[in-house]
Amino acid sequence: MRKLTFWQRLYLPEILRGMLVTTRHFWINVLRQRHTITQQYPEMPTFVSERYRGRHRLTRKEDGSPRCTACMLCATSCPALCIHIVAAEHSDPMVEKHPASFTIDELRCVFCGLCVEACPCDAIRMDTGIFALAAEKRENFIYPRELLLGDAVPKNIAEGKAPAQ
Ligand code: SF4
Ligand code: SF4
């Protein structure tokens, strides 16, 4: 076993060296906040990668109607069984069906992204970047079609209990 030198046995120089490194990083963080890796969330908005799987949204066609054709592929592929769709006949004879009701229980969701991969119409995406889902009641985590399409906001935000996302 290697023998420690006198200075190493004192430990003091190594402790001082460690404190110097810590102090240097402290002042770099204070004086050059732009380069700080630590994010001051939630005081400052945070950024997520483009590929981050956040809260779902339903996409629309050019005419504003939902792209979803209620084919049920997303609900079938969902391992958490948290997508519930009620299909209805569409008024346009060229479109077979549309979702009269489309809900996702975000509390059951494991954010695997399989629903997005399964969708043949690019009707469901997880690119909102929203990761902070909070509510006081379990039922507020069941997001209806209007909310997923962006026509409504979550109840806790509507009631002023959480900031807008
Ligand atoms: S991300 Fe996964 S668990 Fe969540 S709704 Fe889609 S398929 Fe289901
Ligand atoms: S979101 Fe896509 S996969 Fe799910 S029912 Fe609609 S069209 Fe089918």
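Start with the cysteines: counting a disulfide as a pair of cysteine sulfur atoms within 2.5 Å, the count comes to 0 disulfides. The model is predicted, so local features need pLDDT of at least 70 and side-chain atom pairs pLDDT 80 or more, while totals for chains, interfaces and linings use all residues. Residues are numbered from 1 along each chain as its sequence is written, chains are lettered from A and ligands numbered from 1 in the order written, and side-chain values use heavy atoms, without hydrogens and water.

Next, select ligand 1. It is surrounded by 14 residues (a heavy atom within 4 Å), and the closest are Cys78, Cys109, Cys112, Gly113 and Cys115. This shell has 12 nonpolar, 2 polar and no charged residues; Ala, Val, Leu, Ile, Met, Phe, Trp, Tyr, Cys and Pro count as nonpolar, Asp, Glu, Lys and Arg as charged, and the others, Gly among them, as polar. Cysteine 78 has a relative accessible area of 10%, so it is buried (under 20%; exposed is over 50%, partly exposed in between; 1.4 Å probe, protein chains only).

Move to ligand 2. Around it are 14 residues, the closest being Cys68, Cys71, Met72, Cys74 and Cys119. Its shell divides into 13 nonpolar, 1 polar and no charged residues. Cysteine 119 is buried, at 17% relative accessible area.

Now select threonine 103, in strand β3 (residues 97-105); strands are DSSP runs of E, at least two residues, numbered from the N terminus. Threonine 103 is buried, at 18%. Beyond its neighbours within four places in sequence, threonine 103 contacts (heavy atoms within 4.5 Å) Cys82, Ile83, His84, Ile142, Tyr143 and Pro144.

Methods. Helices (H or I, at least four residues) and strands (E, at least two) are DSSP runs, numbered from the N terminus.
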